[in-house]
Amino acid sequence: MSSHLPQVLLIGSMLAATCAEAAELRFPVSTYGTPGLVDMPSGEVFPDGQLNIATSFNAKTQKYNLAFQISPKLYGGFRYSVLDNLDGPGQNRYDRSFDLAYMLLAETAIRPSVVVGLRDFGGTGLFGSEYVAATKHLLDDSLALTAGIGWGRFGSHGGFENPLSVFGDAFKTRGAGPVSIEEVGRLETDQWFRGDAALFGGLAYQINDRIQIRAEYSSDAYAREIAHMGFEYKSPVNVALTYGFKSGTDVSAYVLHGSKFGVMANFVLSPENPKVPGGVGEAPPALMSRQSAAALSWDAGSVAQKDSPLALALAEQGLILDGVSTTNDSATVRLINTRFDAQAQAIGRAARVMANTLPSNISTFKIESTAKGMTTSRTTLHRNDLEALEYDLDGSRASFARADIADAARSEAATLQGAYPNYSWVIQPYFEPSLFDPDNPIRANFGLQVGAAVEAARGLVFSGLVRQPLLGNLDESTRESNSILPHVRTDSATYAKRSGVQIKSLMVEKFFRPGTNLYARGTVGYLETMYGGASGELLWRPVSSPLALGLELNYAVKRDFDQLFGFQDYDIVTGHASGYYDFGNGYLGQLDVGRYLAGDYGVTVSFDREFNNGIRVGAYFTLTDVPFTDFGEGSFDKGIRFSIPVSWISGMPNQNDYGLAISPVTRDGGARLYVPNRLFELTRDSQTNELEDQWGRFWR
């Protein structure tokens, strides 16, 4: 058990340290990382948008849980469990599972809250169960009472005939679940809410702001643990004691069924509570009077030079002046934002600099946002509005209402003399994790990487990235692919064994605007670890529309395992038609239909939630014409992902983020080519809806 504890506690401590002081300990989290008592679920959900990381340990079981409140009523969870000797002496079970729950009724003064949920609905079924639970708070919310009915494992102690059988005999019998590794990962709908049912319940009592006790009557008989792991079942009663810290972390000690003592820790990440509220970056320049600004800065002869007062003042704000044009009453600048993760903040800084640098007769500012040399949108602001709203209490809303945001298929700014070529390079450490290898669930490499790029002209980029592993255990994996499909991804362990210099990418990219609302990309070279080739993409994206449509076509050739210049004898043409939709309130959907790397055809569905501060959590799944039995373990490709901006943690402007994608198993079906700088994400931050969401930073 102790082999994984340091890593989990380290990750959790880092996340907990990023949170502002949290509210009082509100309600308990179960050993499964979801709202509950000890093992049993409750009729509650997390606060909207909350991300929880929980770990629990007893003598022979470890659980690592990730749960996210997707919407005010819906939460989802992912779990990785290690059960000693479950599959025989010395044969540990490394289990991956998903949870989903929905609040049917919110609590009122009279009625309880009611939640219906699925536990382990897309894994091996080891914890497979369904439930309906109700929770009511009493005594000024210090006491929470829970009662529920469960099926599956939740119906294994004190079970009785399924009351849903009144709707049909099919509810009397529960499906067998996966009987082979090839069937793991399917949605076993013939099990849901079927078979015997049982009742469970319990209470949680808040002694004070920090201490909570809980007790429950469990309807889980722990049959497999008793049969294979030596688990002693003495009582259906479980108890726990919890202490909550101001950071949002809480720790618990618990006793299961009168025989097993365990501990757990729960780390809370609330996107609405940054570590540094308001940020700690440099304040924006205050607006000067027009006469003072013109007297100090204006030089009509040098405005198009790289060292003009305008260019230098923008550079102080982390903005590169790429182009500029002026008329008698207006000025247009084309900017490259190198500092701010919110484009609205970059536009606000640029507007102040223009007001402090340009003469009084220039009354209209046009600021063109860019991505890889492409002009994406043009924001038009009036100088009078800036001066009138700088200190207005409602300045953010009013300034956005008065701004005009339009497509910028053709730049109105002339390129600065000597702007190209541009050179950049970086030397930095890297961390490359690999999760869920059954022989060693946590593998990783540390090393040093060197990257360089040359932007020869607007939108034409030559780049490369080279890595040298220094330490780690990725090269110790002994697992070999058993896939009957072309090994388009299951050979990843063989690539990871390379311990010498690796060329991770070496390519030429061209970005351009073919017309209004259109973006295009062409990429040639060594695109990623496993593939080289050519990729082309076309995106239709009106600047103010929630809908975008894309087409991508790729020719991919599998690289040699040493990740240098050679190729293997496998090549394929792949491509997808994609639809993207912004549902509002941070909810984003994506649908990709096409051909994948193994030659299979299908569809990928993705759904993400992004907060205005940039924190993003999402999930995806892919279904293709590959039969589940041919796909292998997992049955189909699926996973979850999240990213946290560095600026949210540090409070300083920064365009980087920490991201992690978790896929329960890597197989060959539904595999896509990893192409950098796909157009939708590249152009997203300067579209009208994104600018509106982040316009609160315009004056920062």
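Six strands line up in an open sheet, in the order β17-β16-β15-β14-β13-β18, and their pairing is mixed. Keep in mind as you explore that this is a predicted model. Helices pack on this sheet, among them α4 and α5.

**The sheet**
- Strands in a sheet pair through backbone hydrogen bonds, and they can do so in a parallel or an antiparallel way.
- At the edges you will find β17 (404-407) and β18 (414-415); each has a single partner strand, so one side of each has no neighbour in the sheet.
- β13 and β14 are an antiparallel pair, joined over seven bridges.
- Look for T326, which stands opposite A331 in β14.

**Helices on the sheet**
- α4 touches β13 and β14, and its direction makes about 150 degrees with that of β13.
- α5 touches β13, β14, β15 and β16 (374-382), and its direction makes about 140 degrees with that of β15.

**The nonpolar cores**
- The largest nonpolar core has 40 residues, and L310, L321 and I367 touch the most other members.
- At least two residues of this core come from each of α4 (309-316), β13 (319-326), β14 (330-337), α5 (343-357), β15 (364-371), α6 (383-389) and α7 (395-402).
- Which helix gives the largest share of this core? That is α5, with eight residues.
- A second, separate core has 27 residues, including Y64, F267, I615 and W648.

**A closer look at I367**
- Setting aside neighbours within four places in sequence, I367 is in contact with V333, L335, I347, A350, A351, M354, S377, R378, T379 and L381.

Note on methods: Residues numbered from 1 in each chain as written. Predicted model: local features only at pLDDT ≥ 70, side-chain atom pairs only at ≥ 80, totals over all residues. Heavy atoms only, no water. Core = buried A, V, L, I, M, F, W, Y, C linked by side-chain atoms within 4.5 Å. Buried < 20%, exposed > 50% of the residue type's maximum accessible area, 1.4 Å probe, protein only. Helix = DSSP H or I, 4+ residues; strand = E, 2+ residues; numbered from the N terminus. Contact = heavy atoms within 4.5 Å. Pairing = 2+ DSSP bridges. Axes fitted to C-alpha atoms, helices over the stretch in contact; angles between N-to-C directions.
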